[in-house]
Structure formats: C-alpha cells, structure tokens
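Dear colleague,

Please find below the structure that I am handing over to you.

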Amino acid sequence: MILLQHRFYGESKPFGNDSYKSTDMLGYLTSTQALADFAILITSLKQNMSIVDAPVVVFGGSYGGMLASWFRLKYPHVAMGAVASSAPILHFDDITPWSSFHDTVSQDFKSESLNCFSVIKAVWDVLDKRGSNDTGLLELSKTFRACKTVQFIYSLSSWLRTAFIHTAVMDYPTPANFLTNLPAYPVREMCKIIDSFPAGADVIDKAFAAASMYYNYTGDQKCFQVEGGDDDPHGFKGWGWQACTEMVMPMTVSNESMFPPSSFSYEKTSENCLAGYKVLPRMHWITSEYGGHKIDKVLKRFGSNIIFSNGMRDPWSGGGVLKNISSSIIALVTEKGAHHLDLRSATKDDPDWIVEQRRQEVEIIHGWIDQYNKDIAQM
C-alpha cells in the first residue's frame, strides 16, 4: 500500500506579500510528473523485490487524495485501488459552485451559534474602518498583540480569516495538532469564546479572542507574527505556484457567507500569476487531463476500485464525489467529518461514526484484494 500525501488545507491564495518568485518553484512537480514518477517507482520496487504480482492500493488525503484517484485512473495496471480522502476533484471549471468552500466554512460556524456567525460577519467592516489610518493600525496592532506594528489592514483580516478557515477544515471530534494544537470540535470552542462576551462588547475583541485559540491554544505565544513572517512550515507558498500553473480552482464568496463578498476572474488570475510567478495558468488543463465533467457517467463506464471519502464539515467537501458512481466507486460521507479525518490515527475517543467509516474502508479494500488475487490465480 502506497501513501500519496500532499499538504492542501486552506483556500488557495497565491498572491500578495508572501508570493514566491518563479525561480523558487523550479523544484515543484506537476501532478502529471508526480504520478508518472510514482508509477515508475512502484513498478521498480515490485520488480526489485520480486513481488511483481503484489496488489497495490494508493492512499491520499486532500491534494494527495486527488493524486490517488487520478493515479488509479491513469495507471490501473500499477495500482488496483485507491482511497481518496477529502479530494476535491470536482472543484474546477463550473462543475462545483464557486462559493461552496466559504459557504461550508460559514455554515460550520452558523450551525454552532448564530451569534458567533453574525459577529464574524460583522468584524470585517469594523476592521477596515478602524484600520484606515496609521493611528488605527497602531491601536489594532496592540489589540491583536502583534509582535510588530502592522502596516496593512489586509494583514489583520488575513490573520483572522486564516484562523476561521483552518479551524473549520480541522473541526475534528478529538484534540489534534495537524496544523496547530486545537481542542476537539474547535469551531464549537471558538463560538463559545465569542458567545461568552457580554452584550455590547467590541466585535473586534470577540473575533480576536476566538482567533487566538487557533494561534495560541497552548498559551505559549507572547505576541503574534501577524505580518512579515518568513516561516512557511506547511508549504502553503508552494501551493500558490501550483494554483498558478495547473490547479486553478475558482473561488468566490457569496453574500450569505460570513466573509466579505468577492468574485473570481480568469483574466485577473492570469494577470496576478504572471506578475507573481511569471507563468500563465492553464485554466482548464486539469479537467482535460483527468476529467471531471459528468463524472458519474464517465467513471461508471471505465473506472473502478476507488473510495471517495468526505466529511461534510470540511470546506473542501463541496468539490468532492459525494454519491456512489458504481458498485466499486464508492462515496463514504460523514455528516460531522472534517478534512481527511478517516486517514488520521485512531484514538480511544473517536466517535462511533468514524470508527465505522474506517471499518467500511478496510472491508472494501479487502474485497478488492481478494478479487485481485483470484484473478491473478486464474492467469
């Protein structure tokens, strides 16, 4: 069994102060190159170990889940099955509503507390108004306990936005330290913080207190690197380059969202990619290479042995396969699941529904392997 894993957590944000230059990205592989290299590697390993007929199942979460499903479709003679967890393979072109990501984040918070949702929805205008001059930015820097005085209001809104989005992505039912240390059901805990403030309390104080849980749950941060930090421990900047080459995933923010409304433009995206990375994105390359349109009809004719698992609290679930396509292309969907929760290590506190999901996955994979071995024995 081979794990195809890659970091892919929040929305793609390839531009701004943190952009890499194109020369920094030369070491990054396209998905086609990565899959071809995996195919060669697996084939070589099996030959070198004299296990040419051994069954191979590939696993991946998020972007790795996309790679796993595409690998099975592209190299069925190498991998006889794939588990694609939280894989938004339909988040391209016009297949998925462009607002689905932010709509799901917003719904996660609204489901816990309407007041919590309303506070976050209201904070952006207040933040922009107070940060419209140097005096306001200085005061906000103190409120946000910034290590250095913030120069741009965008940095503060981005800091808040990242906390809310990533917390929704990692809304796991048990404590976790995936991107940072968080308690069980962290969206609920964030909303409890907001709801604990007295009536009439400042909306920015509420939002800051909630976001601080994401950045400082362990309580060891004396100040926050809101702006100008060079660290990129999770490889987000590399994703920006991918978003500017082959992984163009249109995103908008609707009026119903708790974030400020925004639109998407292919033309503007091209301009920004050219300015930031000196590349022009291939807007529709992914769906040309791997498909996606009418996927239920297409994969039913030629695909097999893929598990698509999604948790509906994961913002990326909107671009996932949520219904069975055939008897062997299975969609396992959990109402309370978050980002590739099924591939995380089991804990004693796991709820029954995730235990059952993992059991189903193992049972399905056993069936694939049993059938594969029967087919091999008859050759």
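What covers the buried residues of α5? The cover includes α4, α6 and α8 (203-216). Before I go further, please note that this is a predicted model, in which local features need pLDDT of at least 70 and side-chain atom pairs count only at pLDDT 80 or more, while totals for chains, interfaces and linings use all residues. Residues are numbered from 1 along each chain as its sequence is written, and side-chain values use heavy atoms, with hydrogens and water left out.

Helix α5

Helices (H or I, at least four residues) and strands (E, at least two) are DSSP runs, numbered from the N terminus. Helix α5 spans residues 134-143, and its buried residues are G136, L137, L140 and S141. Buried means under 20% relative accessible area, exposed over 50%, and partly exposed in between (1.4 Å probe, protein chains only). These four residues lie on the same side of α5, because they cover an arc of only 140° around the axis; the arc is that of the directions from the helix axis to the C-beta atoms. An α-helix has 3.6 residues a turn, so residues three or four places apart point the same way. The face of α5 turned away from the buried side carries the exposed residues T135 and K142.

Axes are lines fitted to C-alpha atoms, for helices over the stretch in contact, and angles run from 0 to 180 degrees between N-to-C directions. Angles under 35 degrees count as roughly parallel, over 145 as roughly antiparallel, 65 to 115 as roughly perpendicular and the rest as oblique. Contact means heavy atoms within 4.5 Å. In the contact counts, Ala, Val, Leu, Ile, Met, Phe, Trp, Tyr, Cys and Pro are nonpolar, Asp, Glu, Lys and Arg are charged, and the others, Gly among them, are polar.

Helix α3 (residues 100-112) and helix α6 (residues 153-169) have axes that come within 9 Å and cross at roughly 80°. The two helices are therefore roughly perpendicular to each other. On the α3 side, F101, H102, V105, D108 and F109 take part, and they meet R161, F164, I165 and A168 in α6. The residues of this contact comprise six nonpolar, one polar and two charged.

Helix α4 (residues 114-130) packs against α6 at an angle of about 165°, with the axes 10 Å apart. This angle makes α4 roughly antiparallel to α6. From α4, the residues I120, V123, W124, L127 and D128 meet I153, L156, S157, L160, R161 and F164 of α6. Here the division is eight nonpolar, one polar and two charged.

The axes of α6 and helix α7 (residues 186-195) come within 8 Å and cross at roughly 140°, so α6 is oblique to α7. A163, F164, T167 and A168 in α6 meet P186, V187 and M190 in α7. This contact has six nonpolar residues, one polar and no charged.

Individual residues

Which residues in α3 deserve a separate note? H102 is found in α3 and is buried, with a relative accessible area of 1%. S100 is also placed in α3, and at 12% relative accessibility S100 counts as buried. S100 and G318 are 218 residues apart in sequence, yet 5.5 Å apart in space, C-alpha to C-alpha. Leaving aside neighbours within four places in sequence, S100 is in contact with H91, P315 and G318.R344 is found in the loop between β5 (329-334) and α13 (352-377), and is partly exposed, with a relative accessible area of 24%. Beyond neighbours within four places in sequence, R344 is in contact with Y172, A176, N177, F178 and R358.

Most residues other than glycine have a negative phi, and most peptide bonds are trans. S62 has a positive phi of about 65° although it is not a glycine. S62 lies in the loop between β2 (57-61) and α2 (63-74) and, at 0% relative accessibility, counts as buried. N305, likewise not a glycine, has a positive phi of about 55°. N305 lies in the loop between α12 (295-302) and β4 (306-311) and is buried, with a relative accessible area of 15%.

Yours sincerely
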